[in-house]
Amino acid sequence: MDSGVNMERLLLLLHADESGSLPKVALECIESARTLGGQLDAAWTVGLVGGQAGAAAAAIGSCGAARFLAVEGPDFDAPRYATDAAAAEALCLKADATLVLAPATSRWMRALPGVAQRLGGRVDTHVVGVSVQDGAIEIQRWYYRQRMEAVLTRAARPWIVLADPGASEAWGGAPQEVSVETVSVEVPESLRRTTVIGARAAESGAQTIRPDAALLFVAGAGWTKKQKDGQVRAQEASELILDIVRKAQASLGSSKSLVDLAGEGQAVLPFLTHLHQVGQTGSTPRHPKGLATCCHGEEPHVVGWRFINERRAVNLDPNCGWARGKADVLYVADAFEVVRKVNELLDA
Ligand SMILES: Cc1cc2nc3c(=O)[nH]c(=O)nc-3n(C[C@H](O)[C@H](O)[C@H](O)COP(=O)(O)OP(=O)(O)OC[C@H]3O[C@@H](n4cnc5c(N)ncnc54)[C@H](O)[C@@H]3O)c2cc1C
């Protein structure tokens with residue numbers, strides 16, 4: 001085990017997807033690795049896994065890594081715990097890594113904790129920052145539904161750090177051919193017991209949840225409540241919401257009350273699931289801007305807006321939660337009218 005930071009050997013562990021490209025969160029981790037490499041004043045290594053990992057290496061050839069290692073071939077194309085863990089373990093050993101930075105994709109979130117166990121190391125997930133402070137590596141992460149931020153350091157090595165999407169800017173350098181050292185991994189039948197036959201997206205949600213969108217559009221339960229004409233206008237609400245989300249290429253979020261309605265036999269918006277729920281018991285998405293509509297802005301909901309930089313809300317009630325310092329701008333207005341008008345403007 002090493003102690004001083006100048007003894008650290010940093011490995012950036014990435015996987016390509018089936019088309020050979022890297023997810024955005026991988027590019028964000030490259031940026032973090034570049035900064036960290038500078039702070040450690042040490043050369044660092046990229047380890048790639050995938051069907052065509054070599055091609056992915058060329059795409060990030062100018063990222064500043066001193067060495068590129070790859071485990072590739074058809075066995076490593078699709079995400080599968082057994083082969084992913086074997087590949088990651090082999091790359092950690094080859095690089096003799098003490099610190100492993102990896103994007104928190106579903107693939108690595110599943111495989112890397114097991115790799116830490118095999119290597120006798122430790123793993124931290126949902127990390128939003130890594131840096132060197134006063135001669136020690138520190139990570140930042142949130143606890144208790146994003147209410148408390150902790151700064152941690154560990155003595156155990158290897159230390160695997162899984163970084164959440166949105167925690168860093170994405171690296172945007174040019175492709176460059178690099179020499180890639182192939183690391184061979186034996187794949188006995190026992191590692192092939194799971195066969196990936198395809199990917200099926202959640203029936204609803206997949207097309208409307210867009211983590212990289214510039215705008216989060218939140219729908220609240222008001223959309224399905226009796227309106228001033230005494231009518232429930234759920235069908236109209238559905239059309240207006242889907243229209244604005246599609247036209248603005250926004251990501252759709254919901255309050256808990258709205259997604260819970262389905263279970264209570266009330267009028268519902270059929271495309272909403274608990275995957276859309278933002279808040280204390282839902283998600284904490286990261287978008288530059290957010291617009292809440294027909295949503296009251298109660299604390300358990302708004303806590304999920306922690307990482308939304310600019311917040312606006314449309315509500316009939318001038319005393320709703322958003323008016324109490326939770327939104328930058330509150331439009332006291334009928335969301336049906338506002339969204340219809342915005343859709344017309346987007347058309348124009
Ligand atoms: C332990 C716990 C955990 C929770 N976790 C979550 C969570 O993760 N996420 C979450 O969202 N909630 C959560 N809640 C619930 C939360 O406290 C609120 O009950 C919920 O967010 C309310 O949803 P809402 O604002 O959509 O509905 P409502 O409170 O019913 O508000 C509807 C709003 O719509 C407005 N409205 C109606 N018609 C119009 C119109 N035409 N134009 C404009 N405005 C209109 C009304 O003025 C009203 O403010 C949690 C609660 C608890 C106790």
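Helix 6 (256–260) supplies the largest share of the shell around the ligand, three residues. Helices here are DSSP runs of H or I with at least four residues, strands are runs of E with at least two, and both are numbered from the N terminus. The model is a predicted one: local features need pLDDT of at least 70 and side-chain atom pairs count only at pLDDT 80 or more, while totals for chains, interfaces and linings use all residues. Residues are numbered from 1 along each chain as its sequence is written.

In total, 30 residues surround the ligand, the closest being Gly-220, Gly-222, Ser-255, Lys-256 and Gly-279; a residue counts as near if its C-beta atom, placed from the backbone, lies within 6 Å. At least two residues of the shell come from each of helix 6, helix 7 (299–302), strand 13 (310–315) and helix 8 (335–347). By class, the shell holds 14 polar, eleven nonpolar and five charged residues. Here Ala, Val, Leu, Ile, Met, Phe, Trp, Tyr, Cys and Pro count as nonpolar, Asp, Glu, Lys and Arg as charged, and the others, Gly among them, as polar.

Two strands pair if DSSP finds at least two bridges between them; strands 13 and 14 are joined in the parallel sense over four bridges, and Val-314 has Tyr-331 in strand 14 as its bridge partner.

A second open sheet has nine strands in the order 7-6-5-8-4-1-2-3-9, and its pairing is mixed. Strand 7 (148–152) and strand 9 (180–182) form the edges, each pairing on one side only. From one strand to the next, the twist averages 35 degrees. Angles run from 0 to 180 degrees between N-to-C directions, and axes are lines fitted to C-alpha atoms, for helices over the stretch in contact. Strand 3 (residues 67–72) pairs with strand 9 in the parallel sense over three bridges, and Ala-70 has Thr-182 as its bridge partner in strand 9.

Turning to the helices, the axes of helix 3 (residues 81–95) and helix 4 (residues 106–119) come within 9 Å and cross at roughly 55 degrees. Helix 3 is therefore oblique to helix 4, as angles under 35 degrees count as roughly parallel, over 145 as roughly antiparallel, 65 to 115 as roughly perpendicular and the rest as oblique.

Methods. Two residues are in contact if their C-beta atoms, placed from the backbone, lie within 7 Å.
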